[in-house]
Amino acid sequence: MIFRRETAWHHNMEENGMGTVWLTASGKGGVGKSTLTSALGQALAGRNKRVLIMDMDVGLRGQDILLSLQDRVVMDLMDVLDHHCEAEEAIIPSPGQDGLFLLPCPQFSRVKEISLKALGQMIRKLKGTYDFILMDAPAGVEKGLRNLLKLPLDEIILVVTPDDLCLRDAERVISILDRKDLPAPKLLVNRLMPGLIERGEMISAASCAASLDCMLLGEVPDDSSVYRAQLNHFSLMELDCEARQAAVRIAGRMLGDNIPFPAYGHRRPWYSRMFHPMIGEVKRIDR
């Protein structure tokens with residue numbers, strides 16, 4: 001399916017010598033935006049890209065925990081903007097994956113204390129060092145998100161779940177983007193349940209994209225492995241699970257690969273359901 005908001009999937013860094021800035025946003029909290037941002041960062045780093053994840057949820061940072069880097073945080077974004085240190089001193093390399101880095105945000109600051117001018121200058125400088133900068137925005141449509149929309153952004157990912165409440169909030173985000181003449185967001189639909197889609201109780205990712213008039217970037221099935229990974233203090237990208245496979249596909253599309261979408265919600269043959277059930281044993285990936 002082709003949607004009217006079709007734009008270029010991917011900026012070629014080799015053409016301009018600069019990386020790209022992707023902002024991940026959501027109209028409401030609890031849709032899995034931060035978890036997916038960390039997973040996409042790891043998937044892109046796995047494709048030999050230098051990736052910087054910038055946690056922009058000032059006062060409520062979480063990327064350090066999602067990436068198991070909470071014990072390595074010494075400096076943060078505010079220290080850089082206040083000239084207490086250079087960006088390189090606050091950026092934390094992931095010891096578990098080459099090419100993946102985190103710039104944590106402060107836990108005890110407020111959004112209004114962030115200098116957008118200084119932040120914009122820092123981002124422009126960092127674009128020369130990283131292939132991808134993934135900015136994890138705070139949920140909702142308040143000042144935390146609106147300020148980030150004033151920064152030099154190349155792409156925007158809008159994360160939703162397939163329910164009316166979330167889609168209504170997503171419409172609000174899209175209307176704000178339209179007024180600011182920003183890039184049309186690419187849609188990432190999370191927590192899809194194929195069984196409910198088959199029975200008509202849940203709309204498909206394609207229907208979400210059509211209702212919001214957005215290009216579909218990816219769809220992620222509801223996967224208990226995601227929460228199990230968090231409870232056991234490791235990343236979902238360390239598991240051989242459907243959510244990990246979805247993140248790898250989405251990262252490939254961000255890189256410009258032509259990757260087909262899985263047929264979530266289409267009823268499978270009886271023999272497929274018998275020998276390949278929807279819920280299977282989760283296996284840890286050997287590193």
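**Notes on side chains and backbone**

1. At a relative accessibility of 35%, arginine 191 counts as partly exposed, where buried means under 20% relative accessible area, exposed over 50%, and partly exposed in between, with a 1.4 Å probe and protein chains only. Arginine 191 is found in strand S7, residues 186-192, and its phi is near 60 degrees, a positive value in a residue other than glycine. Helices (H or I, at least four residues) and strands (E, at least two) are DSSP runs, numbered from the N terminus.

2. This is a predicted model, in which local features need pLDDT of at least 70 and side-chain atom pairs count only at pLDDT 80 or more, while totals for chains, interfaces and linings use all residues. Residues are numbered from 1 along each chain as its sequence is written, and side-chain values use heavy atoms, with hydrogens and water left out.

3. Aspartate 213 also has a phi near 60 degrees, positive in a residue other than glycine. Aspartate 213 is placed in the loop between helix H10 (205-212) and strand S8 (215-221), and with a relative accessible area of 18% it is buried. As background to both phi values, most residues other than glycine have a negative phi.

4. Rings of Phe, Tyr and Trp (its six-membered ring) pair if their centres lie within 6.5 Å, and planes under 30 degrees apart count as stacked, over 60 as edge-to-face and the rest as tilted. By this rule there are two aromatic pairs. In one of them, the ring centres of tryptophan 22 and phenylalanine 132 are 6.3 Å apart and the planes stand at 40 degrees, so the pair is tilted. Because tryptophan 22 lies in strand S1 (residues 20-25) and phenylalanine 132 in strand S5 (residues 132-136), this pair ties together parts that are 110 residues apart in sequence. Tryptophan 22 is buried at 1% relative accessibility, and phenylalanine 132 is buried with a relative accessible area of 3%.

5. The rings of phenylalanine 101 and tyrosine 130 have centres 5.4 Å apart and planes at 70 degrees, so that pair is edge-to-face. Phenylalanine 101 belongs to strand S4 (residues 100-103) and tyrosine 130 to the loop between helix H6 (116-126) and S5, so the pair ties together parts 29 residues apart in sequence. Phenylalanine 101 is buried at 15%, and tyrosine 130 counts as buried at 5% relative accessibility.

6. Arginine 253 lies over the face of phenylalanine 261, at 3.9 Å from the ring centre; a charge sits over a ring if NZ of Lys or CZ of Arg is within 6 Å of the ring centre and within 35 degrees of the ring normal.
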